[in-house]
Amino acid sequence: MREFKKGDSVKIRKSSHWYGTSLLNPADEEGIVTNIFSYEVYVEWKAGTNSYKSSDLELVNKEPIINNSYDIY
C-alpha cells in the first residue's frame with residue numbers, strides 16, 4: 001500500500017479505472033490530499049473532493065531540481 005499524508009500533491013494513475021472519467025476524476029490534474037480514513041484517501045481537485053484507494057493515486061514529486069553540472073560566475 002502506498003503511503004500518503006495530508007498536503008501531498010497527487011494525480012490519478014493512468015492505470016486507474018477512475019482516470020479521466022469525470023470532473024471529480026480528472027486526467028493529468030494535480031490534487032491535494034486533504035484527509036485519510038482507513039483505506040480511503042481524500043483528494044481536493046479544482047472541481048471538488050473525491051476519495052480513492054491509494055493504489056489509484058501517484059505522488060507528484062515537488063522536489064526542486066538542482067543542476068550541479070556547471071558553475072555560474
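Strands here are DSSP runs of E with at least two residues, numbered from the N terminus. The model is predicted. By that numbering, Asp28 sits in the loop between β1 and β2.

**Backbone**

Asp28 is not a glycine, yet its phi is positive, at about 55°. Ser38 also has a positive phi, near 55°, and is a residue other than glycine. Most residues other than glycine have a negative phi. Ser38 lies in the loop between β2 and β3 (40-45). Its relative accessible area is 64%, so Ser38 is exposed, the cut-off being over 50%.

**Salt bridges**

How many salt bridges does the count give? The count comes to 2 salt bridges.

| Salt bridge | N to O distance |
|---|---|
| Lys5 and Asp8 | 3.0 Å |
| Glu58 and Arg13 | 3.7 Å |

Take Glu58 and Arg13, whose side chains meet in a salt bridge. This pair links distant parts of the chain, 45 residues apart. Glu58 belongs to strand β5 (residues 57-59). Arg13 is in the loop between β1 (9-12) and β2 (31-37). Glu58 is partly exposed, with a relative accessible area of 30%. Arg13 counts as partly exposed at 21% relative accessibility.

Now Lys5 and Asp8, joined through their side chains. Is Lys5 buried or exposed? Lys5 counts as exposed, because its relative accessibility is 55%. Asp8 has a relative accessibility of 10%, so it counts as buried.

Note on methods. Residues are numbered from 1 along each chain as its sequence is written. This is a predicted model: local features need pLDDT of at least 70, side-chain atom pairs count only at pLDDT 80 or more; totals for chains, interfaces and linings use all residues. Side-chain values use heavy atoms; hydrogens and water are left out. A salt bridge is a side-chain nitrogen of Lys or Arg within 4 Å of a carboxyl oxygen of Asp or Glu. Buried means under 20% relative accessible area, exposed over 50%, partly exposed in between (1.4 Å probe, protein chains only). Helices (H or I, at least four residues) and strands (E, at least two) are DSSP runs, numbered from the N terminus.
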